[in-house]
Amino acid sequence: RLKWAENAQLGYFAQDHAADFKSKVSLYDWMHQWGSDGDDEQVIRGTLGRLLFSQDEIRKPVNVISGGEQARMLFGRLILQKPNVLLLDEPTNHLDIAAVEWLESYLSQWEGAVLIVSHDRYFIDRLATRVLEITPNGIDEYLGDYSYYVEKKEELEELARLAREETKQVVVKKQRADKEQQREERRIKQRIEEIEQAIEQHENR
């Protein structure tokens with residue numbers, strides 16, 4: 001069970017966020033609603049600029065922007081909310097190369113914690129310092145980037161394969177030993193029966 005620290009302030013990026021952009025307000029007005037009391041027009045425009053929106057683009061309504069632009073707007077909301085823990089669900093979906101590079105740069109300088117769920121292996125490899133693999137038996141932790149995770153995973157799978165092979169060999173040897181023992185027991189039993197028959201014949205003479 002995951003338990004957050006008391007001072008954790010969560011910022012969540014959802015994979016499905018279309019519902020956040022159904023209104024006809026402008027990009028500027030949409031972003032402005034997430035600003036703090038001290039965030040003036042310059043801060044809002046600067047945030048949108050950091051997200052690669054031109055001054056002309058910030059006037060268009062949010063209900064017509066693309067999926068990639070929606071994602072950039074959500075990152076802007078997180079910037080203004082100033083959380084210390086980011087939960088990002090497939091954050092690179094719909095982003096073009098420039099936006100992905102911006103996100104990588106931003107997250108690499110992020111001083112808080114970031115938990116990322118992503119199929120973008122290159123993105124994870126650039127940012128991750130720990131990889132958590134969810135398995136039927138629980139969560140396995142790897143202290144490294146994605147490349148380290150892949151390497152260790154292959155090592156563990158090879159060790160498991162060798163262990164299975166060794167166990168199989170031991171079982172085969174035991175089965176062979178059991179068969180040898182059974183043959184020896186039959187031979188001894190047969191020899192005892194032969195001796196007993198010889199004694200009985202000798203006594204009947």
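Reader: Which residues line the largest cavity?

Author: In this predicted model, the largest cavity is lined by F75, L78, I79, P83, L86, L88, L103, Y106, L107 and W110. Helix 3 (67-81), strand 2 and helix 4 (97-108) are the elements that give two or more residues to this lining.

Reader: What makes this space a cavity, and how many cavities of 30 Å³ or more are there?

Author: A cavity is a set of points where a 1.4 Å probe fits but cannot get out. The count comes to one cavity of 30 Å³ or more, and the largest cavity holds about 70 Å³ of space.

Reader: What is the make-up of the cavity lining by class?

Author: The lining of the largest cavity has ten nonpolar residues, no polar ones and no charged ones.

Reader: How do you know whether Y106 and W110 are buried or exposed?

Author: Buried means under 20% relative accessible area. Y106 has a value of 18%, so Y106 is buried. W110 has a value of 17%, so W110 is buried as well.

Reader: Which residues do ring pairs link into a cluster?

Author: The cluster consists of F13, F75, W102, Y106 and W110, linked by ring pairs. The whole structure has eight aromatic pairs.

Reader: What makes the pair of F21 and W30 stacked?

Author: Planes under 30 degrees apart count as stacked. The planes of F21 and W30 are at 25° and the ring centres lie 4.8 Å apart, so by that cut-off the pair is stacked. Both F21 and W30 are buried.

Reader: What is the volume of the largest pocket, and which residues are the closest to its centre?

Author: The largest pocket has a volume of about 1200 Å³. It is lined by 30 residues, and L115, I116, R130, V131 and L132 are the closest to its centre. Strand 2 (85-89), strand 3 (113-117), helix 5 (121-127), strand 4 (131-135) and helix 6 (146-203) each give two or more residues to the lining. Strand 3 gives the most, with five residues. By class, the pocket lining has 20 nonpolar, four polar and six charged residues.

Reader: Why is D120 called partly exposed?

Author: Partly exposed lies between the buried cut-off of 20% and the exposed cut-off of 50%. D120 has 25% relative accessibility, so D120 counts as partly exposed. This residue sits in the loop between strand 3 and helix 5. D120 and P91 are 29 residues apart in sequence, while their C-alpha atoms are 9.2 Å apart in space.

Reader: Which elements make up the chain, and in what order do they run?

Author: The chain has six helices and five strands, and from the N terminus on they run β-α-α-α-β-α-β-α-β-β-α. Of its 205 residues, 29% count as buried. Among the contacts with a separation of 6 or more, 61% join residues 24 or more positions apart.

Terms used: Residues are numbered from 1 along each chain as its sequence is written. This is a predicted model: local features need pLDDT of at least 70, side-chain atom pairs count only at pLDDT 80 or more; totals for chains, interfaces and linings use all residues. Side-chain values use heavy atoms; hydrogens and water are left out. Helices (H or I, at least four residues) and strands (E, at least two) are DSSP runs, numbered from the N terminus. Buried means under 20% relative accessible area, exposed over 50%, partly exposed in between (1.4 Å probe, protein chains only). Contact means heavy atoms within 4.5 Å. On a 1 Å grid over the protein atoms alone, a cavity is a set of points where a 1.4 Å probe fits but cannot get out, and a pocket is an open set with protein on both sides within 12 Å along at least five of seven lines; lining residues have an atom within 4 Å of a point. Grid points are joined across faces, edges and corners, and a volume is the space filled by probe spheres set on the points. Ala, Val, Leu, Ile, Met, Phe, Trp, Tyr, Cys and Pro count as nonpolar, Asp, Glu, Lys and Arg as charged, and the others, Gly among them, as polar. Rings of Phe, Tyr and Trp (its six-membered ring) pair if their centres lie within 6.5 Å; planes under 30 degrees apart count as stacked, over 60 as edge-to-face and the rest as tilted.
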